[in-house]
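Hi everyone, thanks for coming.

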Amino acid sequence: MQLGAPADKMKIPPTLMEDMVTGFAILAADGQDSGIAGHLTARVEESEYLLGHRYGLAFGEVGEDAVCLTDFSLAEAKTGIVSPSLAFHVAMYKARPDIGAIVHSHPEKVIALGATGAKFEPVFQSALMLWNDVHHYDGYDGIVEGEKEGAKFAQKLGNAKILLLKNHGLIAVGKSVQHAVCASVIFHQNCRIQLDSMKAGKVSGFDNKKIKADALQSAYEFLNRESVIQMRWRQLARGARH
Ligand SMILES: [Zn+2]
């Protein structure tokens with residue numbers, strides 16, 4: 001791990017470090033590698049420190065030695081160790097104390113869906129883990145390097161799990177690395193299926209008028225159970241190792 005000035009005061013839980021390395025591997029295996037852009041960060045417990053990765057590396061290149069600790073002032077961004085765009089992560093962590101991890105990536109099919117002007121719609125069962133939890137941001141503010149833009153993302157995200165950034169990519173949040181990464185993987189999969197459906201004809205998702213709300217709610221609750229998220233995470237981790 002690369003350590004910035006404040007890092008020696010912090011103890012990084014070993015499980016968090018392991019989750020970060022696994023999370024990067026899962027995102028790379030899922031096709032969310034974004035070249036030199038894109039981030040996975042985790043808040044270190046309830047502190048004002050976060051873990052990110054060395055600026056310039058793709059997700060698939062991140063091992064333990066490329067995971068970096070920085071505090072909310074992002075001093076490590078000024079020296080080029082971490083991306084200055086982590087400023088929007090800081091803004092989101094400040095706005096949502098329940099958020100423990102954030103994924104930001106640029107999968108082509110997510111961008112393609114957003115570029116059609118269509119809104120995200122769950123089209124397969126597992127995507128009900130995101131039922132009513134996807135918001136959209138259609139604005140554009142240039143390359144984000146400040147907390148001000150981050151605060152705007154946080155406001156658009158509200159209490160949801162995913163923000164689809166038109167012509168840009170996705171932001172997925174969760175209470176842990178596992179939750180944020182699983183949400184981004186399922187979201188990505190749904191975008192691929194939704195796009196295929198759009199090419200084939202009219203998209204028909206879960207119709208609120210025909211399906212009882214408690215069926216959707218119970219699916220949402222099941223898919224967000226901690227045990228189910230952990231099972232999904234372990235399966236994704238095994239897949240990423242092959
Ligand atoms: Zn981006």
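In α3, the buried residues are L86, A87, F88, H89, V90, A91, M92 and Y93. That is eight of the 10 residues of α3, so this helix is mostly covered; a residue is buried if 20 or more other C-beta atoms, placed from the backbone, lie within 10 Å of its own. Helices here are DSSP runs of H or I with at least four residues, and strands are runs of E with at least two, numbered from the N terminus.

A word on the source: this is a predicted model, where local features need pLDDT of at least 70, side-chain atom pairs count only at pLDDT 80 or more, and totals for chains, interfaces and linings use all residues. Residues are numbered from 1 along each chain as its sequence is written.

What do the buried residues of α3 pack against? They pack against β2, β3, α2, β5, α5 and β8, with contact meaning C-beta atoms, placed from the backbone, within 7 Å.

Now α5, residues 147-157. Its buried residues are E147, G150, F153, A154 and L157. They cover an arc of only 105° around the axis, so they sit on the same side of α5; the arc is that of the directions from the helix axis to the C-beta atoms. Their cover includes α3, β6, β7 and β8.

Notes: A residue is buried if 20 or more other C-beta atoms lie within 10 Å of its own, exposed if 12 or fewer, and partly exposed in between; C-beta atoms are placed from the backbone. Two residues are in contact if their C-beta atoms, placed from the backbone, lie within 7 Å.
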